[in-house]
Amino acid sequence: MASVRLTDRPLSVASAFRALEARGAGGVTIFVGRVRPDPGTGGRVVALVYEAHRGPALARFRALAREAERRFPTLGLVLWHRTGRLRVGEISVIVGAACAHRAPAFATARFLIEDLKVTVPIWKSERARPARRPRRPRDRRVGRSAG
Amino acid sequence: MARPVTVLLFAGARVAVGRAELRWSVPAGGLAAGELARQIAAEYPRLAPILRSSRLVHNGEYVRGPSETVRPGDEFAIHPPYGGG
């Protein structure tokens, strides 16, 4: 049983864990992706904006879930992605897999996130804090009188 | 008058065009997807380099080839490389 979601509302790890409840699920792996400040921009990234082509994105989520169920012995799956403006630290994506044992649970979650990043029509763009203007050198001249 | 094609633009394609959506007139009998993309790039030159790395989507499905016919009223989308997660 797979849960797919594309939403502009905050994502909850606790809710994802509940969605992965399944009889016989001895191993549950949840991957959580969060917005981080990009060191390449000097930590100026304050938010990411995610956009999606909704219909094809949800169709791809469902196809991805079917492929995971074909490849791995899964008992439950979660594929959730956020859209809209997310501040640094907010959760952008949750994928999860419930299986009888840990090895397929890890493998399934890895498969889901790696495939999602390259096959689901979702894009992100950075929103950065404006760069500080360089300070003007201090005028060291002294002894000048006005006028 | 035939209904236009709705062209959806995402990410870099949207930035290059300056809009998220266009209405594009096509002949009543339709237009090849490749020709439609060429016409749009000719109108918006900044889109051309982005188109080279983009996937074309017709009514929610990937375009199978440049000769696929896009008809009035259809939806046509330009998908630059994805970046979710």
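Predicted model: local features only at pLDDT ≥ 70, side-chain atom pairs only at ≥ 80, totals over all residues.

Student: OK, how many salt bridges does the rule find across the interface of chain B and chain A?
Tutor: One. It pairs the side chains of B:R14 and A:E51, with N to O at 2.5 Å.

Student: Which elements of chain B give two or more residues to the side that touches chain A?
Tutor: Those are α1 (11-17) and β7 (75-79) of chain B. The largest share comes from β7(B), with three residues.

Student: And what kinds of residues are on that side of chain B?
Tutor: Nine nonpolar, five polar and two charged.

Student: How much area is buried between the two chains?
Tutor: About 1200 Å², and carbon and sulfur atoms give 54% of that. In residues, 16 of chain B are in contact with 17 of chain A. There are also 13 residue pairs in polar contact between the chains, counting pairs with both residues at pLDDT 80 or more.

Student: Which residues of α2(A) are buried?
Tutor: A:P56, A:A57, A:L58, A:F61, A:L64, A:A65 and A:A68. They pack against β1 (2-7), β4 (74-82), α3 (102-119) and β7 (122-128) of chain A. The helix itself covers residues 54-71 and reaches 26 Å from first C-alpha to last, close to the 26 Å expected.

Student: What does A:D115 pair with in a salt bridge?
Tutor: A:R60, at 2.9 Å from N to O. That links distant parts of the chain, since A:D115 is in α3 and A:R60 in α2 of chain A, 55 residues apart.

Student: Is A:D115 buried or exposed?
Tutor: Buried, because its relative accessible area is 17% and the cut-off for buried is under 20%. A:R60 has 26%, so it counts as partly exposed.

Student: What about A:E90 and A:R82, how far apart are their closest N and O atoms?
Tutor: 3.2 Å, in a salt bridge. Here A:E90 is buried at 17%, and A:R82 is buried at 7%.

Student: And in chain B, what does B:R23 form a salt bridge with?
Tutor: B:E21, with the closest N and O atoms 3.0 Å apart. B:R23 is exposed at 54%, while B:E21 is partly exposed at 32%.

Technical notes. Residues numbered from 1 in each chain as written. Chains lettered and ligands numbered in written order. Heavy atoms only, no water. Contact = heavy atoms within 4.5 Å. Buried area = accessible area lost by both parts, 1.4 Å probe. Salt bridge = Lys/Arg side-chain N within 4 Å of Asp/Glu carboxyl O. Polar contact = N/O pair within 3.5 Å; in protein donor to acceptor, adjacent residues only side chain to side chain. Helix = DSSP H or I, 4+ residues; strand = E, 2+ residues; numbered from the N terminus. Nonpolar A, V, L, I, M, F, W, Y, C, P; charged D, E, K, R; others polar. Expected span 1.5 Å × (residues − 1). Buried < 20%, exposed > 50% of the residue type's maximum accessible area, 1.4 Å probe, protein only.
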